[in-house]
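Good morning, colleagues. Please have it in view as I speak.

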Amino acid sequence: MKVANAIKKLEKAGFTVSNDGFSYWAKKGNRIVSFINQEDYVICINARREDDVSDSMTDYHAGIFCDNITRAIKLSN
């Protein structure tokens, strides 16, 4: 999926989208959907709660990786 289409889909679902270059995150309430822009395509889609953080010391990664934006939005509701 193209980044522009993903942003439109997230905004339509009520998320506020931000970015810092190549990584994007969308927030709605305490839910966050994040993804990476690789050559204008969405990769590494992740859905998590705002207070859920990764911890490298315990080998814990916050959230769930999703195959597509639609699945990440459904998990965030």
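I shall discuss aromatic pairing and then salt bridges. Please bear in mind that this is a predicted model.

Let me begin with the aromatic rings. How many aromatic pairs are there? The count comes to one aromatic pair. The ring centres of Tyr24 and Phe35 are 5.1 Å apart and their planes meet at 5 degrees, so this pair is stacked; planes under 30 degrees apart count as such. Tyr24 belongs to strand E2, residues 23-28, and Phe35 to strand E3, residues 31-38; the pair thus links distant parts of the chain, 11 residues apart. Are these two residues buried or exposed? Both Tyr24 and Phe35 are buried.

I turn now to the salt bridges, of which the structure holds three.

One of them joins the side chains of Lys2 and Asp40, at 3.9 Å from N to O. Lys2 sits in the segment before helix H1 and Asp40 in the loop between E3 and strand E4, so this pair ties together parts that are 38 residues apart in sequence. Lys2 is partly exposed, at 36% relative accessible area, and Asp40 is also partly exposed, at 36%.

Another salt bridge brings together Lys27 and Glu50, at 2.7 Å from N to O. Because Lys27 lies in strand E2 and Glu50 in the loop between E4 and strand E5, parts 23 residues apart in sequence are tied together.

Finally, Asp51 forms a salt bridge with Arg49, with the closest N and O atoms 3.3 Å apart. Here Asp51 is exposed, at 60% relative accessibility, whereas Arg49 is partly exposed, at 38%.

Key. Residues numbered from 1 in each chain as written. Predicted model: local features only at pLDDT ≥ 70, side-chain atom pairs only at ≥ 80, totals over all residues. Heavy atoms only, no water. Phe/Tyr/Trp six-rings, centres within 6.5 Å; stacked < 30°, edge-to-face > 60°. Helix = DSSP H or I, 4+ residues; strand = E, 2+ residues; numbered from the N terminus. Buried < 20%, exposed > 50% of the residue type's maximum accessible area, 1.4 Å probe, protein only. Salt bridge = Lys/Arg side-chain N within 4 Å of Asp/Glu carboxyl O.
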